Amino acid sequence: MKTLNLLKNGLFTLVLITSTAVFAQGQMAKEDTKMVGGAAMYPTKNIVENAVNSKDHTTLVAAVKAADLVEVLVGEGPFTVFAPTNDAFAKLPKGTVENLLKPENKAMLQTVLKYHVVAGKWNAKDIFKMIKDGNGKTSIKTVSGGTLTAWLKGKDVYVTDENGNSAKVTIADVNQSNGVIHVVDTVLLPKS
């Protein structure tokens, strides 16, 4: 009888500990989860796993696939991605996206996409500090080798490409298992 009670108590304790751990994990993920494009972006998933669920990033996902960059963005990282929305791609001159998606333009597409990626995980707090330390702006080196300039307009962070086009960060700090995404409203283009 003592052994049976001991087993019951042990089993109860194990269930209680497991339930508490699962609840705590769920609460932590819920707190860090942001909605982007009508879908929850889970910090336990990688950049691609989350992006494919955002209805606002279908063009970006198609471009990443066409450029054969999926394996890179599911990699360990960490990466900071300034992720343009479908509306951002729609602002480009007519035919630009279709042209970039052609197999013969794969290298150009890779360059454009890598221009939106920075090595390391830079959250909004880090970028704000860099802007402050840079007296109102900071240069950011991209994975493609180009440079972006981050600056503030009021409380909003903007990122400007080498051609003078500026993108507003509309959703910051979308944490991923391998980095962070900052949603932007304009496609950034490297100097041609």
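Author: A salt bridge is a side-chain nitrogen of Lys or Arg within 4 Å of a carboxyl oxygen of Asp or Glu. Side chains of opposite charge can pair when their charged atoms come close. This is a predicted model, in which local features need pLDDT of at least 70 and side-chain atom pairs count only at pLDDT 80 or more, while totals for chains, interfaces and linings use all residues. Residues are numbered from 1 along each chain as its sequence is written, and side-chain values use heavy atoms, with hydrogens and water left out.

The structure holds 3 salt bridges. In one of them, aspartate 68 meets lysine 106, at 2.3 Å from N to O. Aspartate 68 lies in the loop between α3 (58-66) and α4 (70-73) and lysine 106 in helix α7 (residues 106-114), so the pair ties together parts 38 residues apart in sequence. Helices (H or I, at least four residues) and strands (E, at least two) are DSSP runs, numbered from the N terminus. Lysine 106 is partly exposed, at a relative accessible area of 30%; buried means under 20%, exposed over 50%, and partly exposed in between (1.4 Å probe, protein chains only).

Another salt bridge joins lysine 129 and aspartate 133, at 2.7 Å from N to O. These two are 4 residues apart in helix α8 (residues 124-133), so about one helical turn separates them. Both lysine 129 and aspartate 133 are exposed.

Lysine 168 also forms a salt bridge, with aspartate 156, and their closest N and O atoms are 3.5 Å apart. This pair links distant parts of the chain, 12 residues apart: strand β8 (residues 166-176) holds lysine 168 and strand β7 (residues 156-160) holds aspartate 156. Lysine 168 is partly exposed at 25%, and aspartate 156 is partly exposed at 31%.
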